[in-house]
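Open the model in your viewer and keep the selection tool at hand.

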Amino acid sequence: MNRFFCGVATFAMLISASNLSAKEPLAVGDKAPDFELPVQGQDDFATLSELIKDGPVVVVVLRGYPGYQCPLCTRQVSSLVNRAKAIGAATGDQPQRVVLVYPGPENGLERNAKQFLGAKRLPENFVMVRDPDMKMVDEWGLRWNAPRETAYPSTYVIGPGRRVKWCKVSESHAGRSTVEEILKGLRE
């Protein structure tokens, strides 16, 4: 295999392909498929090709609602929000530099995403989008085809030309990217 995969978890995930999506996850150097996803709480859409015009974008794929709100997703988003200024500085202090993708079936997705955010207000450099029926997750090779699962928790740094500069894909609920790893990926 000649591809440079992101993180050890991706390699292990490819070896145990029993629950893998039909596509391999995007890897460093790949061109990320564009997306146009509804922004949570707004009548607007976020498009990857538009977002990267102002610099790199961090795309964080959450688990969505596999029957409950994932506490590890909540913890990961909280740590990202707590370091929003550092991430903002690394991405040129532009709005919507961190895209939180909340995947799931269309039915009830908006309600579940609203429940996930609760009373939290995201910083200006963050945006949460919904991935109805997990179309983006499928296109990016992140579909977790197992009972009560949606997507592999993943983080991507997308640069010019929609190229993957850095990524980390977890094969489990844990193994999430840290703020320090993301900042290092933005600097590379």
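The model is predicted, and residues are numbered from 1 along the chain.

**Stop 1: the largest pocket**

Select Val 39, Gln 40, Gln 42, Leu 117 and Leu 122. Of the 15 residues that line the largest pocket, these lie nearest its centre. The volume of this pocket is about 350 Å³.

Next, colour α5 (109-117) and β5 (126-132). Each of them supplies at least two residues of the lining. Which element gives the largest share of the lining? That is β5, with three residues. Coloured by class, the lining shows seven nonpolar, four polar and four charged residues.

**Stop 2: Tyr 102 and Phe 116**

Now turn to the aromatic rings. A pair of such rings is described by the distance of the centres and the angle of the planes. The model has four aromatic pairs. One of them is formed by Tyr 102 and Phe 116, with 5.6 Å from centre to centre and 45° between the planes, a tilted arrangement.

Phe 116, at 6% relative accessibility, counts as buried because the cut-off is under 20%.

The charged end of Lys 120 sits over the ring of Phe 116, at 5.1 Å from the ring centre.

**Stop 3: Trp 140 and Tyr 156**

Select Trp 140 and Tyr 156. At 0% relative accessibility, Trp 140 counts as buried. Tyr 156 is also buried, at 0% relative accessibility. Their ring centres are 5.2 Å apart. Why is the pair called edge-to-face? The planes stand at 90°, and an angle over 60 degrees counts as edge-to-face, so the pair falls in that class.

Trace the chain between the two residues. Trp 140 lies in the loop between α6 (135-139) and β6 (154-158), whereas Tyr 156 is in strand β6. The pair therefore ties together parts that are 16 residues apart in sequence.

**Stop 4: the cluster**

Phe 35, Trp 140 and Tyr 156 form one aromatic cluster.

Note on methods. Predicted model: local features only at pLDDT ≥ 70, side-chain atom pairs only at ≥ 80, totals over all residues. Heavy atoms only, no water. 1 Å grid on protein atoms, 1.4 Å probe; cavity = no way out; pocket = protein on both sides within 12 Å on 5 of 7 lines; lining within 4 Å. Points joined across faces, edges and corners; volume = space filled by probe spheres on them. Helix = DSSP H or I, 4+ residues; strand = E, 2+ residues; numbered from the N terminus. Nonpolar A, V, L, I, M, F, W, Y, C, P; charged D, E, K, R; others polar. Phe/Tyr/Trp six-rings, centres within 6.5 Å; stacked < 30°, edge-to-face > 60°. Buried < 20%, exposed > 50% of the residue type's maximum accessible area, 1.4 Å probe, protein only. Lys NZ or Arg CZ within 6 Å of the ring centre and 35° of its normal.
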